[in-house]
Amino acid sequence: MTPPAAASPALTGLGPDSSNPFLDSVADSAAADEPAGWLLPGALVVKLVAVALLAVLLAGSTAAWLVSYASTQAAMRRLVSQQNDEVEVVARLLASKIEQSQRVLSTVADGIAPGVLENAQSVEWLVQQGLPAVRFFDAMQVARKDGQLSVNLQSGKLQQPAALDPAERDYLLRTIVEGKPLVSDLIGTAAGDARVMLTMPLRQGDGPVSGAVAGVLRLQSQGLLPQSMAMPAREESRLIVFTREGVILSHPQRERVLGHVRDEPGLAAVYARWQQQEQALKGQGFTDRVAGHVVSMAGVPLPQWMVARVSDAQALMAPAEGAQRAAWWMAGGGVLAVAGLAALAMLWIARPLAQLGARARRMLRAQAGEAGAGDGWPRSRGEVDALVSVCTQMASQRAREQRQAHITAARLGTLLAHAPVGIVITQGEVLEVAGVQAARMLGYSPAELQGLPARAMHASQGDYDQWRKRVRQAFAAHGSFDGDVRFRRKEGSSVWARVLAYRAGSATPGPASAGTVWLLEDITAERGSRQLRGWAAGHDPLTRLLNRGAFMERLAELMSVRAQGGPTAPAPLPGAEADALAVLFMDLDHFTVINDVAGHDAGDEVLRHVARLIEEQVRHVGWAARLGGDEFAVVLPACSPSRGNEIAELIRLAIAAWEPSFGGRSFLVSTSVGLVVLEDSVTGEEHVNHLLRAADMACYEAKRRGRNQVHTMRLRP
């Protein structure tokens, strides 16, 4: 035999010394890992501590980075602001120097009267001795309104008018023509000769221009751009003054004076961008960052100059970065200290949990009744106490279940040893449990059957495959198997058995992973009697129940015996009337639907299975017959009305609980039952017919009232 699926683990290994192998293996492995003394944290605690440490480290690192980034930006803004302020101060200083020079020149111009210009000697005397302010300039020129030069004083010495630079002469002429002060562009091509000319028109009050006076300042003079203003050259920072056209006027490296800013790292890009935007020269500075440099620029409007501070960004931030590194080390040490303290605190807090895990492992190893409810369990408010409560309850429940399992195993052993039918439980295609009757029927001992392949119970592989196909079809159709099967005994002879198969561990019959329970009844002798001519004449070939003729004859004999006062079998139940006789008439509800939809073969299968269900309920208290079509009858000798109604209900419920399936479609099967109880002893064929008609009428009344119910009638002839 073979089951349709695997058996339940609860059905194997039953006995008073049985235990759960899975729990035992877990307990053994846990015992091997359990240390003595201080309990190491479990995997969950280690993971939680690791997550907490990672969270602390990430939070600390993120906070330190954010603080560092914010401090870096703040330091950079502060340094940029300082540098920007510096170039603005230098630009204002230069602008104030130009203004001061213009005021000095204006003082000189106020000291030269228009009439004096006609006398060259008077002009020379004023310039050399009469006007001390002249010494502020490196050179001084005075021109009349016709452009003729009256005085050309160079470094305190008079020079010929022809020695005047044409560019300087042009500025004097422009001043006379335009009548307003001028500041020249850079004059000269060599660093030592580079100079700037300031001019002032000469006039008396609001009168016309009578001439012009000019003061010249060398580029590196104290009155303009002394070398000390550029400061010593530093690799990380340069202060540069240059013209609007990009010519360098002041530079920490003297050789770069009169060079061009396009050759200055960092400044070239900012200057080019400033030129493209065509911004006007303003005293307000601005700062830009480019190519690792921080460049601050501010304009000097009157001479059209620019002041720039170019600093290396990395060198500029070096002090702040050093402070940041120190802060990082301090923050890292603090984070590690906090993480270590947090880990120790978590381990201490989780210590009751580790104790709980160790105690739970000891509980798994303990036998039933040895794990006390309050023995050795840790105590800690909150989750640990809740888990301890659950574990102690589980320990008590496990002890109760083990005691119940021992009782169940003892009962099952008694059942297997003394059951009147053979009982076999299979898992997969292997016999797991076998009763004494099944072993005797098959010629084996129970120990030999346990673990034997189901294939060994059949004569050939072909018989086995055919049998397995029948089982699967039966389980697919109506969830169980009921049929006659030929098995091969150990010595090789054949034995016929009626087999009932149900899924183990479930109220619903059918194949499942829970395994299968097989009930075997030896029908070898009964099957031999079926071959006789008389048996076939009195039985229905489809259901193997009595046919109508044999039923009527047997019922008449029973009533005759009752009329003569003979014994009835079986004996009446306590409280039942001695002469009571119950007859059940049953008709399936809507049976034609199954025939019409699923076919007559399915209908025949339904009739066979219904016959088995009826026979299971009445085989020890009466007999059943198929009267024809979907009509069945049952005789219950010596049966009280209450007992007859109980059996009728059991039959009805058994049929209603069955849900056959054919062609992938399920059908509902029910029956209407008519119950007639005959309380007097009567005989005669007419009374038999009258009794059967009364049962038929009771069945009709059950159908009229809604089907799938039992209707009872009492007869008193």
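Where does S296 lie? Is S296 buried or exposed? And which residues does S296 touch, leaving out those up to four places away in sequence?

Modeller: S296 lies in strand β10. Strands here are DSSP runs of E, at least two residues, and helices are runs of H or I, at least four residues, both numbered from the N terminus. This is a predicted model: local features need pLDDT of at least 70, side-chain atom pairs count only at pLDDT 80 or more, and totals for chains, interfaces and linings use all residues. Residues are numbered from 1 along each chain as its sequence is written, and side-chain values use heavy atoms, with hydrogens and water left out.

S296 is buried, with a relative accessible area of 0%. Buried means under 20% relative accessible area, exposed over 50%, and partly exposed in between (1.4 Å probe, protein chains only). Contact means heavy atoms within 4.5 Å. Not counting residues up to four places away in sequence, S296 touches V80, Q83, N84, V87, F286, T287, V307, A308 and R309. S296 and D85 are 211 residues apart along the chain, with 8.9 Å between their C-alpha atoms.

Next, a helix that meets β10. The buried residues of α6 pack against β7 (237-243), β9 (286-290), β10 (293-300) and β11 (305-312). Helix α6 covers residues 267-277, and its buried residues are L267, V270, Y271 and W274. Seen down the axis of α6, these buried residues fall within an arc of 100 degrees, so they line one face. The arc is taken from the directions that run from the helix axis to the C-beta atoms. An α-helix has 3.6 residues a turn, so residues three or four places apart point the same way.

A nonpolar core is a set of buried Ala, Val, Leu, Ile, Met, Phe, Trp, Tyr and Cys residues joined through side-chain atoms within 4.5 Å. This core has 40 residues, and M140, V142, V213, W305 and V307 touch the most other members. Helix α2 (residues 43-110) gives the largest share, 9 residues. There is also a second, separate core of 34 residues, with V606, I655, V677 and V710 among them.

Setting aside neighbours within four places in sequence, V142 contacts I112, L117, V123, V127, Q148, L149, S150, V151, L202, A212 and V213. V142 also stands opposite V213 in β6. Strands β1 (residues 139-144) and β6 (residues 209-218) run antiparallel and are joined by 6 bridges. Two strands pair if DSSP finds at least two bridges between them.

These strands belong to an open sheet of 6, in the order β3-β2-β1-β6-β5-β4, with antiparallel pairing. β3 (157-158) and β4 (182-183) are the edge strands, each pairing on one side only. Helix α2 packs on the sheet and touches β1, β4, β5 (195-203) and β6; the directions of α2 and β5 make about 40 degrees. For that angle, axes are lines fitted to C-alpha atoms, over the stretch in contact for helices, and angles run from 0 to 180 degrees between N-to-C directions.

β5 is mostly covered, with 8 of its 9 residues buried. On one pairing, β5 joins β4 in the antiparallel sense over 2 bridges, and V183 stands opposite L198 in β5. On another, β5 joins β6 in the antiparallel sense over 9 bridges. There L198 stands opposite G215 in β6. The hairpin of β5 and β6 has 5 residues between the strands, and G205 takes a positive phi near 65 degrees in that hairpin.

E168 sits in helix α4 (residues 166-178). E168 has a relative accessible area of 3% and is buried. Beyond residues up to four places away in sequence, E168 touches Q141, I187, R195, M197 and V216.

Finally, a loop elsewhere in the chain. R707 is in the loop between α20 (685-704) and β23 (710-715). Phi of R707 is near 70 degrees, positive in a residue other than glycine. R707 is partly exposed, at 35% relative accessible area. N708 is in the loop between α20 and β23. Phi of N708 is near 50 degrees, a positive value in a residue other than glycine. N708 is partly exposed, at 29%.
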